[in-house]
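I begin with the overall fold and then move to single residues and rings.

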Amino acid sequence: MTAVAAIDLGASSGRVVRGVFTDGGVHIEEVHRFANGPVRHHDRLHWDLPGLYREVLAGLRLAGGLAGIGIDSWAVDYGLLDASGELLGDPVCYRDSRTDGIMPADGLYEINGLQFQQFNTMFQLMAEPLLPQAAQLLLIPDLLSYWLTGQRGAEYTNATTTGLIDVRTGQWSPELTRDLPPDLLPPLRHPGDPAGTFKGIPVTAVGSHDTASAVVAVPAETDRFAYISCGTWSLVGVELDSPVLTAESRAANFTNEGGVDGTIRYLRNVMGLWLLQECLRAWDTALEPLLREAGQVAGSVFDPNDPVFLPPGDMPARIERACGKTMTRADIVRSILDSLALAHRDAIADAQRLSGKEVEVVHIVGGGSRNELLCQLTADACGLPVVAGPAEATALGNVLVQARAVGAAHGTLADLRKLVRQSQVLRRYLPR
């Protein structure tokens with residue numbers, strides 16, 4: 001038996017998961033969960049990284065004997081270190097308004113292959129007042145890894161979301177980084193590389209962008225699949241061997257992000273269950289009764305990717321304005337799910353058309369795989385079977401990459417995915 005700890009940090013919560021490998025497969029157990037979310041001070045949305053680090057340490061104490069540790073989190077956000085290695089203030093949240101109005105320069109897509117998102121790291125740095133004082137930048141998982149081990153690096157899958165990687169070479173782009181301070185960006189490391197030790201326990205670089213880890217755990221039987229990593233965001237796409245850098249791909253707002261084992265995550269960001277989370281927060285109510293009601297009503301359709309929905313606030317009122325009418329709570333929930341299902345359909349259709357990759361099945365992983373109505377609506381909209389699960393795909397992918405690094409698992413991504421199919425309960429939805 002081999003046990004490793006996956007530190008899995010989301011934009012609304014974090015947890016430490018213990019993964020155990022035996023002859024019967026892989027099994028995970030959540031040992032510590034804690035709240036997360038941006039806090040506003042000095043007119044900015046910030047992350048409480050010292051608070052998250054304390055929770056990480058508490059979770060590692062609860063995890064018991066371990067053969068390894070790996071960290072994944074949301075993308076693009078970072079901390080800046082001074083010359084002595086101290087953090088220059090709490091990292092700013094990507095939902096902060098400081099990048100409003102920033103537009104990309106011509107020619108970026110041909111280098112970094114990224115869908116334009118105003119909060120990508122390269123655009124945040126344009127609005128970063130602390131940059132002149134900074135000696136080094138560490139993305140969130142790399143910053144926490146540094147605090148655990150004392151060693152610095154930039155894990156590749158997450159680094160590709162910064163907009164500063166040349167997607168063709170897999171290295172920091174000299175052209176895109178020439179105006180940054182020297183040595184601001186640390187050396188790259190890849191999933192499976194050692195990242196130091198914590199109290200004698202190896203820390204391994206995993207797919208530290210949570211979507212990269214989630215895609216590792218997609219239980220696909222062939223390569224003809226689309227995935228939807230569905231949580232706060234819906235990351236909708238296909239897995240490729242090489243990037244798609246055409247003008248048509250750029251116009252369709254598709255991104256080419258690095259995946260585990262040299263793959264490309266060719267995807268579109270869809271706003272995701274953030275819309276529903278913010279409504280529930282405004283209403284201070286439970287979800288399940290609303291889902292039952294939503295299954296019995298007809299929804300309206302709006303564009304979930306409209307930037308008006310990006311910041312926190314009164315989400316129900318914004319959705320009513322987008323739909324042009326007053327709505328019940330059930331109507332709003334159904335409208336969110338219908339709109340997401342159609343956005344999923346459009347992204348999958350575009351991914352096939354632009355990449356030439358044929359899709360026979362859609363895999364929904366992450367917390368959204370538990371939402372039966374959303375899964376069925378997505379199958380209906382796409383006209384394809386949907387396989388839902390695992391809900392804990394990010395933690396599982398983190399654990400699988402660690403296990404392979406320490407010798408508890410072996411083989412290719414296909415071999416790791418077979419372990420997921422053997423160990424997890426999945427549900428299949430057929431289009432109606």
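**Basis.** I am working from a predicted model, in which local features need pLDDT of at least 70 and side-chain atom pairs count only at pLDDT 80 or more, while totals for chains, interfaces and linings use all residues. I number residues from 1 along each chain as its sequence is written, and side-chain values use heavy atoms, with hydrogens and water left out.

**Whole chain.** I looked up the secondary structure and found 15 helices and 21 strands, where helices (H or I, at least four residues) and strands (E, at least two) are DSSP runs numbered from the N terminus. I then checked the radius of gyration, taken over C-alpha atoms, against the globule rule of 2.2 Å times the number of residues to the power 0.38. For 432 residues a compact globule would come near 22 Å, and the chain has 21 Å, which agrees. The C-alpha trace spans about 60 × 55 × 45 Å along its principal axes.

I noted that 61% of the 432 residues are buried, a term for under 20% relative accessible area, with exposed meaning over 50% and partly exposed the range in between (1.4 Å probe, protein chains only). Of the contacts (heavy atoms within 4.5 Å) with a separation of 6 or more, 71% are between residues 24 or more positions apart.

**Helix α12.** The 27 residues should span 39 Å, and the end C-alpha atoms are 39 Å apart, which agrees. Just after α12, I noted a positive phi of about 80° at Gly356.

**Aromatic rings.** I found seven aromatic pairs, counting rings of Phe, Tyr and Trp (its six-membered ring) with centres within 6.5 Å, and calling planes under 30 degrees apart stacked, over 60 edge-to-face and the rest tilted. Phe116 and Phe123 have ring centres 5.3 Å apart and planes at 70°, so this pair is edge-to-face. Phe116 is partly exposed at 28% relative accessibility, whereas Phe123 is buried at 3%. The pair of Phe302 and Phe309 is tilted, at 5.3 Å centre to centre with 55° between the planes; here Phe302 is buried at 7%, and Phe309 is buried at 1%. I also noted a cluster in which ring pairs link Tyr94, Phe119 and Trp233.

Arg95 lies over the face of Trp274, at 3.6 Å from the ring centre, under the rule that NZ of Lys or CZ of Arg is within 6 Å of the ring centre and within 35 degrees of the ring normal.

**Ser249.** I located Ser249 in helix α8, residues 247–251, where it is buried at 0% relative accessibility. Leaving aside neighbours within four places in sequence, Ser249 is in contact with Tyr109, Val244, Phe254, Tyr266 and Leu354.

**Asp193.** I found Asp193 in the loop between β12 (188–189) and β13 (194–198), partly exposed with a relative accessible area of 29%. Not counting residues up to four places away in sequence, Asp193 touches Val203, Thr204 and Ala205. The C-alpha atoms of Asp193 and Gln402 are separated by 9.3 Å, although these residues are 209 residues apart along the chain.

Notes. The expected span of a helix is 1.5 Å times one less than its number of residues.
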